[in-house]
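Hi everyone, thanks for coming along. Let me put the sequence and the model up, and then I'll walk you through a few places in it.

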Amino acid sequence: MEEELARLREAALAEIAACGTEAELEAVRVRYLGRKGSLTEAVRGLGRVPPAERPALGALVNQAKEAVEAAVAVAGERLAAARLAESLAHDRIDVTLPGRRRPRGHAHPLRLVEDEIVDVFVGMGFQVAEGPEVEDDYHNFAALNFGADHPARDAQDTLFLADGPDLLLRTHTSPVQIRYMRATQPPLRVVVPGTVYRRDDLDPTHSPMFQQVEGFMVDERVSFADLKGVLVHFLRRLFGAETGVRFRPSFFPFTEPSAEVDIACVRCAAAGAADPACRVCRGRQWLEILGAGMIHPNVLRAVGYDPETVQGFAFGLGTDRIAILRYGIEDLRLFYENDLRFLAQFPS
Amino acid sequence: MRVPLSWLAEFVTWSASPQALAERLTLAGFPVEGLEDVGRLDARIRVARLIAVEPHPHAERLSVCRLDVGEGAPTAVVSGAPELAAGQRVPVALAGARLPDGREMRTTAFAGVESAGMLCSEAELELGDDASRVLVLPDDAEPGTPLVDIAGIADTVLELEVTSNRGDCLSVLGIAREVAAASGVPLRHPRPRPRETGAPAAEDVRVRIEAPDGCPRYCARVVRGVTVQPSPLWLRLRLRRAGMRPVNVVVDATNHVMLERGQPLHAFDLERLAEGVIVVRRAASGERLVTLDGTERTLDPADLVIADGRGPVALAGIMGGEQSEVTAGTRVLLLESAFFAPAIVRRTARRTGIGSEAAYRFERRVDPAMVPEALDCAAALIGRLAGGRAAPGIVEEPAGGWTPEMPAIRLRPRRVAALLGVDMPRGEIRRRLRALGAECRSDAGAFVVTPPSHRGDLEREEDLVEEVARLGGYDAIPVRLPEMPLTSGEDSRTRLTARRLRRLLIAEGLAEMVTLAFTDAATNGRLPGFVGRALAPLAVRNPLSSETGELRRSPLAGLVRATATNVALGADFVGAFEIGKGYGVDAQGVRQEPRALAAVLCGAWPSRGVERIGPTVDFADLKGIVENVLAGLGLQEDAARWRPIGEEAFLHPGKAAVIEVAGTAIGVAGSLHPKIAQACDLAEEVWVCELDFEILADYGSRRVELRPVPRFPAVTRDIAVIVDEAFPAAAILEEIRSLADARIEAVRLFDCYRGAPVPTGKKSLAYSIAYRAADRTLTDDEVGVVHAGVLERLRERFSFDLRA
C-alpha cells in the first residue's frame, strides 16, 4: 500500500510537471483527484485497512493528496501565467477601426436659440405664454393701436385667410400681449415665443414664416430704465458680458416711447476692431437686434388697464435673426429647407 | 431719404465731421444708412474756355478745340462732341487725370492731331445721365479751376431712414431742425418771396373745394412768361443726389422745394386748364384720367381729384394728368400747393399702385403752415431760373387759409420721471420742448405744451415724454434692473413637453426640422395626418403662390416634402421629426391649431461600423422609436396597443397601425401611401408617424410610480407556436398578460421564423416567459403549475400547434 501510494504520487507529480496546457492539467487532476481518481480511490481504500494501520496510512494518503493538489495549483498558476503572457504577446486589435455607432440626432438651430432666449427670461422670473397663429384684426392690429389705414394692415404685407374678412396669420407675437393682459392683472412678467407670418417669398433675407420672441412686464412703476436693465442683461447673457448695447429712438404703434436696440457687431467685436467691409454689420459696427418701448396707453386701455395706475414695457425680437448672428448664417432659407447636411452640424 | 450735406448746411451749421453728424442723427431716431462721397473729381479735370473750334483736317466728324485752361498758352484737344461753340465753358480731363470710372487720360494723337486731354460729358464725370454732348458749365466758371472746387460739385450725401410718424423730416429743412435741436444750435429758415408783377392771379384762376375733408387747404399761384428749359447744373445735381431725376426747370424747381421744405407742389400748364377753374372734389365713379406716366386710370369715388372746367386733371397729391402737363411750349403756370388728407392719399396711392414722392409725403402729413411758403419759394425760384413773372397774390381756399388746431397737451414732470425712471429738472424738460419749436407754459405744476404745426405726431403726454427722452439721448437714461417681488419664472407646459420630446427623439438619432406651415391644396387634401384628420383646411386669401395656398393639416406635409428634397440631394437616410401644428376648422366651425409630433424615416440606416451601409429602415425601426418615446415619457412598456389600421387615406392599408393607449387612439404610424409618396417624387418606402402632442403632454406630466427592485431570482420558460401568416404576434402576449397572475413578470417574443420546416403560409413564433415572486424564490414545481396554466389558456383560446 505504501509503495503503491509513493508510486502514484511520483507518477502524478511527473505528469503534472509535463502538462503543457490547462486542459491537460485538468485531465491529470481528474485522473488523480477527481471523484474516481486514483488518489480518491486510495482514500476510499483506507476503509479496508486494519484499524491499527489506519492513522499512519491515512497520514501518508493525505500527504500524497496534498502534495498533488499543491502541484496542480502551482502548475495551474504557471500555465495561466504562460497563457496570459502568450495572450499579451500576440492578441492585437486594430483600434483605428471605426466605432459602431447609432446615428446621432440634432436639434434645429431655431429651437436651440429659442430655448436659450426663453431660458434667460425664465431665469429673471418671466412666465412663458403662447397664443394662436391664426388671429383676427382686433388682436393683431386694432388693440395694438394700429390706425385703421396703417400700412401694415395692407394685403401687401399680411397674409389673410379665406375663412373670414377679419382673419389673418399673425404678423407678430404681440397679439399675445393683448390676450394675456386681458386675462391677467398686473404685476406680470411674460415672454412669448412663437411663429409669425408675413407676405414674403422665401429668399436669403425673407421668409413667409419666421420666429419671434415677445416680452412684456407691467406693474405700477416699471420704467424705461427697467426696460434697459432687463434687455442689457438679456443681450449680454446671449452675446457675452462685454457686448456693447445701445438704444435709439424709433416708432411702433404699440409703444411710446419706442426704441430700437442695437448690439455692437459680433464679428467686429470678435476681431477686436471695426471692419469697414464687415459682411455682418456692413461697416456700421452696430446690429439692429430688437424693438422695444413703454406700452402705449391705448394698448393698456384696450386690455382694461388704467394707464394712470399701471405701466410697463414690451419688446420683440426675431429668433431667426439671433440665430443668424449666433451661427454666422447668411441665408435664411437654410432654416426652413431642412437640408440634413445643414442640420447635422448642430449639437444633439 | 437722401440729404446732400451742402444743402443741409444752408439751414444749419454743425461743428462735427459727417460721421459724427450721422451718429448724432442715428441716436436722435434717424438711423443713417450711409454716407456717400460724390463729385470727388480728379483735380486735373479743369474748367476750360473754348477759344476756337475748328474742323479736324483729316477726320470729318472730329473737331480740334483750342482751350484756355488758365495756363497761358492754349491747349489743343480733339473732340467728337456736337454743339461745341467758342466761348463755352466746358470740363476737360487733362493728361494724367483719372475719370470716375477709373480710366486715366493720356496725350493721344487722333488722325495725326495731338490731343492733350478730353472734353467730358456729364455722364463721364458721373454728374448726370447725358452722354451725348459735352457738359456746358456756367459762364462765370474761371478757366483752369479744378471742377471739384466749383461749389456744389463735391458733396457728401447722407442716407437716412425716417420712421412713418415723422413726415416732417422728409425734407432738408426737417432734418436741419433735428440737427439744430440735437446740437443746440440755431436753425436758419429763409423764406424767399417772388417779385410780383402784372394782373392779380385771382383774375386768371378760381379755386373751389368741394371736398374739404380731403383738402382743408389749397393755395395757387400764377407765373407768367416762363421759358421751359433744362435746369442749371447745380439744380440738376441736387435733385439727382437727393434721388430724383431732373426733368425741366419748372418741374425741377417744384421738386427742389419739396425736397427742401417737405411740401409737394404741382405745376399745371394754365393755358391747358379749361375755364381757369380748379375744383377739388371726389372722383365720379368711372371717370377717367391719363396720368403723367401715360397710363389711363379709371377713378373710384374714394379718390380725390383736381378738376378743371372739363374734368379731372390730376389725382390729388399723387400724380398730375398728362393733358395739363408742363411742356416745352408752356408759357403760363398754375402752381398748386395744398394739404391733402393722409388717409385719402394713402388709399388711392395703394389702389393705383403709384408710389410718388408727393404721395409719400402727403400720406405722412405735410405741414399746413408750409403750404403758402412753399408756393412762394417755387415762384421765386422759377422767376430766377425760367424767367417767370409771378402774378400778384396767392389764390387760397378757404380764404384766409387753414391751420389745424394743434392740441394743447398737459405734461406732468412726475409722469416723465415715472415713465423714464429718471428724475429730470423742470427747466430741462422745458428747454428740450422749446428746442423742438413747441410752446410751453407752466400750469399748476405741469406744462401745457402746444406742438409746432409740423409735428402732427405729437398727440398725447407719452409722445412728449418720448421727445424729452429723445433729445437727451436714450443713452442718458440709466440701466437698472426692476425691483419686483422674487417669483420663479416658468416655461410653459407645452414647451417643457416639446423640449422633453425633442431630447427623446434626438437620442433616437432623428434630426429636428422646422418646416413651413403652408402647403398646396392637393397635398393638404391627400395628407390629413392624425391631429388634423377631422379638420377642414384653411385657405390663404392672398397667397404669393399656390404652394402656400393653404395651411397644412399635418406637420407631415412639411416633413414629407423635406424628405423628398433631401433624397433628391442624395441623402441615403432621412430620419427626422417636427413638433409642430396642424391647422384647420372643426365640425363646429371653430378654428383649431392642434399640436402634433410627426416623424419620418426613409432609406437605409447609416453604416454603424465596418459596413457599406446599414439595414434598410422598416416598420420595426419606426415602432421602436415610438415605443422608446412613450417609455421615455413614463408610459408602461405594455400600455400601448398597435392595431392594424385597415383603410386609411394617407397610409398603406396593410402596413400601418393605430396606436392606442387605454382605448384612446393617440396616433398613427406606418408606410406612407404609395400614391402620396409618388406624388412627392419619393420612389422609396417612407415610414411616417404622427402622435397627438396634447396626449403625450399628459403622460409626460404624470408622477413616476416606483416598483421595488426584485430580490429573488426569476425562472424563464420558452414556448413556440406555428401560426398562420396573418396571426398577430401580440395576441399571445395580450392573452398571457390577461391572466393577470402576479408571478408572470414579463413575456417577450424572441423569435419569428418562416421557412422549412415551417409550412408555407405559416410562421413560427417563440416567446420567453419570466416567472418571479416578489417575496420568495419560486420552486420548479410552482413555476410548472403556473406555466401549465398558461399553456392551457393558450390552447383553449387558439387552435394552433403549441410546442412548450
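To get us started: in which loop of chain B is B:Ser121 found? B:Ser121 sits in the loop between strand E9 (117-119) and strand E10 (155-160) of chain B; helices (H or I, at least four residues) and strands (E, at least two) here are DSSP runs, numbered from the N terminus.

Some housekeeping before we go on. This is a predicted model, where local features need pLDDT of at least 70, side-chain atom pairs count only at pLDDT 80 or more, and totals for chains, interfaces and linings use all residues. Residues are numbered from 1 along each chain as its sequence is written, chains are lettered from A and ligands numbered from 1 in the order in which they are written, and side-chain values use heavy atoms, with hydrogens and water left out.

Is B:Ser121 buried or exposed? At 4% relative accessibility, B:Ser121 counts as buried; buried means under 20% relative accessible area, exposed over 50%, and partly exposed in between, with a 1.4 Å probe and protein chains only. Not counting residues up to four places away in sequence, B:Ser121 touches B:Asp130, B:Ala131, B:Arg133, B:Val134 and B:Leu135, where contact means heavy atoms within 4.5 Å.

Leaving aside neighbours within four places in sequence, the contacts of B:Ile306 include B:Tyr218, B:Phe268, B:Val280 and B:Phe340. B:Gln323 is 17 residues from B:Ile306 along the chain, and their C-alpha atoms are separated by 13 Å.

Now the interface. Chain A brings 93 residues to the contact and chain B brings 84 residues. Between them they bury about 7700 Å², 54% of it on carbon and sulfur atoms; buried area is the accessible area (1.4 Å probe) that two parts lose on being put together, summed over both. On the chain A side, A:Pro103, A:Pro249 and A:Leu340 supply 8% of the area that chain A buries against chain B, more than any other three residues.

What about charges across that interface? There are 12 salt bridges between chain A and chain B, a salt bridge being a side-chain nitrogen of Lys or Arg within 4 Å of a carboxyl oxygen of Asp or Glu. One of them joins the side chains of A:Asp226 and B:Arg480, at 3.6 Å from N to O. Helix H8 (residues 224-239) of chain A gives the most to the side of chain A that touches chain B, with 8 residues. By class, that side has 43 nonpolar, 21 polar and 29 charged residues. For the classes, Ala, Val, Leu, Ile, Met, Phe, Trp, Tyr, Cys and Pro count as nonpolar, Asp, Glu, Lys and Arg as charged, and the others, Gly among them, as polar.

Finally, salt bridges over all chains: the count comes to 95. In one of them, A:Glu22 pairs with A:Arg83, the closest N and O atoms being 2.4 Å apart. A:Glu22 lies in helix H2 (residues 22-33) of chain A and A:Arg83 in helix H4 (residues 54-90) of chain A, so the pair ties together parts 61 residues apart in sequence. A:Glu22 is partly exposed at 31% relative accessibility, and A:Arg83 is exposed at 52%.

B:Glu467 and B:Arg470 also form a salt bridge, with their closest N and O atoms 2.8 Å apart. They are 3 residues apart in helix H11 (residues 461-472) of chain B, so about one helical turn separates them. Both count as buried: B:Glu467 at 2% relative accessibility and B:Arg470 at 5%.

One to look at on your own screens is a network of salt bridges whose members include A:Arg111, A:Asp115, B:Asp491 and B:Arg499. Thanks, everyone!
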